[in-house]
Amino acid sequence: MLSGKEGNSTDSRKYYLKRLRTYRSGAKAVGWRSRQSQEKRFEVISSLLDDGDKSILDAGCGAGDLHAYLKIHNPSIVEYVGVDAIPEMVEVAQKSNPSAVVRTTTIELVDGGCAWDCVVASGLFSMRLDDNVAYMDSVVRKMVSLARKKVIFNVLSADSATKDPSTFYYYGKDEVLDICKKYSSCVTAIDGYLGNDRTFFLKKNTEK
Ligand SMILES: C[S@@+](CC[C@H](N)C(=O)[O-])C[C@H]1O[C@@H](n2cnc3c(N)ncnc32)[C@H](O)[C@@H]1O
């Protein structure tokens, strides 16, 4: 179940289930416009990992497509755990990625301090909620608490030329930076890879 804190959780669930029923698997099934745009996001995440990163928690893993991508592009990752709030999504993820550990839960409910080298989220913050900024603040704090070394996530950008603001939330760069800087002194914003997206990279303060 999506957490109550997620505000419009029923709407989010309805949206993703409809996409899943229509497209069954792949990028469109999890709400992306195309496989290319999903992979551009994965490419950025992958470029921020290094050979010392061995374990990853994928928050909002959807159909598990990042697992398949990392197997090819970041073979040093030996432990992948994906969590998603929607059981039907997890079922698809597990079927397409039998070697991955995938669980139905929200990121808010995952236990374990600093249990993974990297905690990532691609698309987790896309849906418009009652209070996106407060929600992001609590989830980023949680992600940082679960990561040994780094946190990486992307958002839909307020610079996007085409928008559907009744369904999605488009974040201003500074709005996200203000949250990230509460939890890390080393924050980078990456853009320019897609017209409607921005990635945020937080190093834990112990990371050089
Ligand atoms: C846009 S999809 C992206 C899926 C995948 N990360 C990808 O890029 O292919 C976002 C996913 O996040 C999941 N999600 C949203 N909020 C969540 C939460 N608080 N905890 C776990 N999963 C969540 C949704 O169920 C959905 O499957």
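Cys 114 sits in the loop that joins β3 (101-104) to β4. Although Cys 114 is not a glycine, its phi is positive, at about 50°.

A positive phi also occurs at Arg 24, again a residue other than glycine, with a value near 70°. Arg 24 belongs to the loop between α1 (9-23) and α2. Arg 24 counts as exposed because it has 11 C-beta neighbours inside 10 Å, and the limit for that class is 12 or fewer.

## Helix α2 and its packing

Helix α2 comprises 13 residues, 35-47. From the first C-alpha to the last, α2 reaches 18 Å, close to the 18 Å expected at 1.5 Å a residue. The buried residues in α2 are Gln 38, Arg 41, Phe 42, Val 44 and Ile 45. Viewed down the axis of α2, these buried residues fall within an arc of 155°, and therefore line one face of the helix. An α-helix has 3.6 residues a turn, so residues three or four places apart point the same way.

## The shell around the ligand

The ligand is surrounded by 25 residues. Gly 60, Gly 62, Thr 106, Ser 122 and Gly 123 are the closest of them. The elements that contribute two or more residues to this shell are α3 and β2 (79-84).

By residue class, the shell around the ligand divides into 12 nonpolar, 9 polar and 4 charged residues.

## Confidence of the prediction

The mean pLDDT of the protein is 94, and 94% of its residues reach 70 or more. Over residues 1-8, by contrast, pLDDT stays under 50. For residues 1-8 the model has 24 contacts beyond four places in sequence. Where pLDDT is low, the predicted coordinates should not be read in detail.

Terms used
Residues are numbered from 1 along each chain as its sequence is written. This is a predicted model: local features need pLDDT of at least 70, side-chain atom pairs count only at pLDDT 80 or more; totals for chains, interfaces and linings use all residues. pLDDT is the predictor's confidence in each residue, from 0 to 100. Two residues are in contact if their C-beta atoms, placed from the backbone, lie within 7 Å. Helices (H or I, at least four residues) and strands (E, at least two) are DSSP runs, numbered from the N terminus. The expected span of a helix is 1.5 Å times one less than its number of residues. A residue is buried if 20 or more other C-beta atoms lie within 10 Å of its own, exposed if 12 or fewer, and partly exposed in between; C-beta atoms are placed from the backbone. The arc is that of the directions from the helix axis to the C-beta atoms. A residue is near a molecule or strand if its C-beta atom, placed from the backbone, lies within 6 Å of it. Ala, Val, Leu, Ile, Met, Phe, Trp, Tyr, Cys and Pro count as nonpolar, Asp, Glu, Lys and Arg as charged, and the others, Gly among them, as polar.
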